[in-house]
Amino acid sequence: MGERVRVAVLLSGRGSNLIALAEHKRREERPYDIVLAASNVPEARGLVAARRLAIPFWSHSHRGMDRAEYDALIDSELRRHQVEVVALAGYMRLLSDDFVDRWSGRVLNIHPSLLPLYKGLGTHNRALQAGDLWAGCSVHLVTKELDGGPVLAQAKVRIRPRETVESLALRVLEEEHRLYPQALEAFCDIMRTQRQTDERG
Ligand code: GRF
C-alpha cells in the first residue's frame, strides 16, 4: 500500500487534537505519519505533548514578523520535513494568501461549529445565543476565506437544556477528537491511492 502521507500539525495552544491524531495513529496502522508539530507560540502546551509523543517539533514566535515573512519560514520548515499535508489544530493565525496558494488542497482545519454556521471565534456562545438545537464541529479544507473552504466531515452534538458554553465546548471537543482522526485518515487514504495511480501513469 505505498508510503504513508507525511503530515504536519500546526497549533498555538493546548494540543488536544494533536494528541487525538497521534493516538489514532498509534492504535493501528494508518495511512499517515505525523512528522512535525509546529507552533507560533513557543510555550504552547501542544509542544509539550509533541515531545511526550516523540513527535519532532518546531516553534518560532510570529511577533515582530509580517505574515508573509513568517509563513515563508513555516513553509521552509514543512519542506525540510517533506510534509505533504498540513493539519491545523487550534492554529490561531490567519495564513497568508501565498501560503494558502502554495499548499492549496493540502491544508485541513478543524472548527468547533457546524459550518457554514459560526465562522471565526466564540462559536459555542453564538450557538447558545441563537437557541440552536444542534452544535458540532467540522473538518474543512483551508482556502483564503476564513473557515470557508469545502467541508470534508462533520459531527453533531445535541444542545441540552441548561447547556453552558463550558459544557458544550467539552462535548464538542470530544467529538473533534473522534472526527479529526477519521477525516485525516480518509483524506490521506485518498491521497495515497491517487499517488499510486499517478505513479502507474
Ligand atoms: C479546537 O476547539 C478546534 O476546533 C479549534 O481550536 C481548538 C483547539 O484545541 N480550531 P486543541 O489545541 O486541539 O486542544
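Biologist: What kind of model is it, and how are residues numbered?

Modeller: It is a predicted model: local features need pLDDT of at least 70, side-chain atom pairs count only at pLDDT 80 or more, and totals for chains, interfaces and linings use all residues. Residues are numbered from 1 along each chain as its sequence is written, and side-chain values use heavy atoms, with hydrogens and water left out.

Biologist: Helices, please. At what angle do H1 and H6 cross?

Modeller: Roughly 50 degrees, and their axes come within 9 Å. H1 covers residues 16-27 and H6 covers residues 165-200. Helices (H or I, at least four residues) and strands (E, at least two) are DSSP runs, numbered from the N terminus. Axes are lines fitted to C-alpha atoms, for helices over the stretch in contact, and angles run from 0 to 180 degrees between N-to-C directions.

Biologist: What do we call that angle?

Modeller: H1 is oblique to H6. Angles under 35 degrees count as roughly parallel, over 145 as roughly antiparallel, 65 to 115 as roughly perpendicular and the rest as oblique.

Biologist: Is the crossing left-handed or right-handed?

Modeller: The crossing of H1 and H6 is right-handed. The rule is this: right-handed if the near helix is turned clockwise from the far one by less than a right angle, left-handed if anticlockwise.

Biologist: Which residues make the contact?

Modeller: From H1, Ser16, Asn17, Ala20, Leu21 and His24. From H6, the list includes Leu173, His177, Tyr180 and Leu184. Contact means heavy atoms within 4.5 Å.

Biologist: How many of the contact residues are nonpolar, polar and charged?

Modeller: The contact of H1 with H6 has 6 nonpolar, 5 polar and 2 charged residues. Ala, Val, Leu, Ile, Met, Phe, Trp, Tyr, Cys and Pro count as nonpolar, Asp, Glu, Lys and Arg as charged, and the others, Gly among them, as polar.

Biologist: New topic. How many aromatic pairs does the structure hold?

Modeller: There is 1 aromatic pair. The rings of Phe99 and Trp103 have their centres 6.1 Å apart and their planes at 20 degrees, so they are stacked. Rings of Phe, Tyr and Trp (its six-membered ring) pair if their centres lie within 6.5 Å; planes under 30 degrees apart count as stacked, over 60 as edge-to-face and the rest as tilted.

Biologist: Are Phe99 and Trp103 buried or exposed?

Modeller: Phe99 is buried, at 4% relative accessible area. Trp103 is buried too, at 2%. Buried means under 20% relative accessible area, exposed over 50%, partly exposed in between (1.4 Å probe, protein chains only).

Biologist: And Leu108? Where does Leu108 lie?

Modeller: Leu108 is in strand E5, residues 107-111. Its relative accessible area is 0%, so Leu108 is buried. Leaving out residues up to four places away in sequence, Leu108 touches a list of residues including Val86, Leu141, Tyr180 and Phe187.

Biologist: What about His124?

Modeller: His124 lies in helix H5, residues 123-129. With 12% relative accessibility, His124 is buried. Beyond residues up to four places away in sequence, His124 touches Pro112, Val165, Leu168, Ala169 and Val172.

Biologist: Where is Ser61?

Modeller: Ser61 sits in the loop between strand E3 (57-59) and helix H3 (67-80). It is partly exposed, at 23%. Residues up to four places away aside, Ser61 touches Asn40, Pro42 and Tyr70.

Biologist: Backbone next. Which peptide bond is cis?

Modeller: The bond from Leu115 to Pro116, with omega near 10 degrees. Pro116 is in the loop between E5 and H5. Most residues other than glycine have a negative phi, and most peptide bonds are trans.

Biologist: So which residues have a positive phi without being glycine?

Modeller: Gln82 has phi near 50 degrees, and Tyr118 has about 55 degrees. Gln82 is in the loop between H3 and strand E4 (85-88). Tyr118 is in the loop between E5 and H5.

Biologist: Is each one buried or exposed?

Modeller: Gln82 is exposed, at 55% relative accessible area. Tyr118 is buried, at 16%.
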